[in-house]
Amino acid sequence: MIFSSIEFLLWFLPIFLIVYGITPHKYRNLTLLIGSIVFYAMGDAGNLAPLMLSVLCNYFIGLHLAKRSPRTLWRKRLLFVTALSINIGILIWFKCRGGSAGLPLGISFYTFQILSYLIDVYRGDADREYSFLKFATYVVMFPKLISGPITRYGEVKDSLYNRTFTMQGLEDGMKLFVLGLAAKVLLADRVGILWHEVQVTGFESISTPLAWLAAIAYSMEIYFDFWGYSLMAMGLGRMLGIELPRNFRRPYMARGVRDFYRRWHMTLGQWFCRYVYIPLGGSRRGELCTIFNLLVVWMLTAFWHGAGWNFFCWGGLLWICIVLERQLGRLKFVHKMKVLPHIYLWLIIPVSWMCFAITDLSQLQVYLDKMMWLVPGISGGYEDAWKALSTYGGLLVVSGLACTPAIEKLYDYGKDKILMKILLAAVFWYCVWRLILEGNNPFMYFSF
C-alpha cells in the first residue's frame, strides 16, 4: 500500500486517525505500531516476519551494547561487529540476489535506521531504549517505514515518550500531505510520461533535443516523486505529533553537484557523513585522503541504490564532479559567478540521472551518445522534440517553477488563510479523482 493510493487515502488513513485520536495517550505507541504493521502487511505481507524478527533481535543487541564494564568490553565490541555484519550482510544479500524486484519493502531505509541506533548506542551518543514497544514503533512507524526519511533515534525519542495529538497538528499535517500528494500525482506522474514514451519509442530513434527533454522530464519526475513522498511522510508525522526531519531543500537551485547533494535526500547524505565519511577521517587528513573518502562514500551510496553497474557509473560521475568542484573552488573568481554554476548543474544532473535510470549499459551508451550529439536520430529531424514540447512544454515550465522558492513562499504566505484551505481541499479531491481514473503509480524509491 502506498500513500497515493485510494486504499490509503479513503480507507486506511481515515480509520487509523479516528482510532489513534480516541486512543488514550499512554497507548498511542501501541496503536501506531499495530497500524504500521497492518500498513506494511497490506503492501508486503511475505516480508513482515523478517522485519519484526530484525526489530526484535536488534532491540536485544542494543540493550547489551550500552554496557560499560571494562571486563566485558571485548564482548561488546564483538557483538557490535557481529550485529553490523549481519544487518549489512542481509541488505547486501537482498541487493545482489535479484535487484529491486526481490527487495523487501523499505529494507534499505529501516536497515540504515537500525544501524544508526546501534552505532549511536555503542558510541554512547544515545541511550539504549529499554521499552521494546518504543523501539519497535521507532523502526516500524508507517510514515517513514517504506522510503524514509532516514531518522536517527534521538530525533524522535522525545516524541515517542511525550507527544500530543491536536487539531492544529492534524490540520498542519494535512496541508503538507496534500502538497506532497499534488507533487506526486499532478507533477511527477504527469511529466514522467514523456520519459516513458521515449523508452517505448527506443533510444536509437530519438533526436538529441528529445533526448535532453526526456532527461529533464525524468529529473523532474524523480524529484517530485521523492519530494512528494517526503512531504507526505512529514505531514503524516505531524498529524500524529511526530516531527520528522526534512529531506529536500530545493536541490535544483543549487550551485553545483556538491551543493545539490547537500539538498537532495538530505537524511541519507547525513547518514553517510556521520557514519562513514567522518570515521574515515573526513577532510582532516589531506586532499588525497579526502578524495579517497569521498570515493568510498559515493560507491557505497551507489550500492545502497542498487547493485547494477549503472548505479556505480552514476556514483562515479558524481564523485568526479565533486572532486573537480573542490579543486575549482579554490579559485576566487569561481565564487563570484552567479549564473554559470546553475547552468553547469542543469547540464550535468540530467546526464547523471540517465546513468541512474537506464540499467542496461549498452542502452545507456546509446542514450548518452544521443545527448552528446554523437549519433543522429533515425527520423533525421527534430519533429519529435517539437511534438514533445507542444504536449509537455507547459508541464515542464510549471515543474521548473515548482523547483524554485516561489511555490514555498506562496504557500507560507497563504497557508493559514481560508482561501488556501479551500484550494488545498480542492487539490486533494482532484488528485483522488485522477487516481480513480488512472490508478496509482508506485513511488520510485520504493524499489530501493
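## How much the two domains share

Domain 1 and domain 2 bury about 3200 Å² between them, and 73% of that area sits on carbon and sulfur atoms. Keep in mind that this is a predicted model.

## Who is who

Domain 1 covers 6-162, and domain 2 covers 169-447. Taken over C-alpha atoms, the centres of domain 1 and domain 2 are 27 Å apart. Where they meet, 40 residues of domain 1 are in contact with 39 residues of domain 2.

## Salt bridges and polar contacts

Two salt bridges run between domain 1 and domain 2. As for salt bridges you can look up by residue, D125 forms one with R274, and their closest N and O atoms are 3.8 Å apart.

## Domain 1's side of the meeting

Which elements give two or more residues to the side of domain 1 that touches domain 2? They are α1 (6-22), α4 (73-98), α5 (107-123), α7 (142-145) and α8 (153-161). The largest share comes from α1, which supplies nine residues.

What about the makeup of that side of domain 1? Its residues split into 25 nonpolar, seven polar and eight charged.

Conventions. Residues numbered from 1 in each chain as written. Predicted model: local features only at pLDDT ≥ 70, side-chain atom pairs only at ≥ 80, totals over all residues. Heavy atoms only, no water. Domains from an automatic or database assignment. Contact = heavy atoms within 4.5 Å. Buried area = accessible area lost by both parts, 1.4 Å probe. Salt bridge = Lys/Arg side-chain N within 4 Å of Asp/Glu carboxyl O. Helix = DSSP H or I, 4+ residues; strand = E, 2+ residues; numbered from the N terminus. Nonpolar A, V, L, I, M, F, W, Y, C, P; charged D, E, K, R; others polar.
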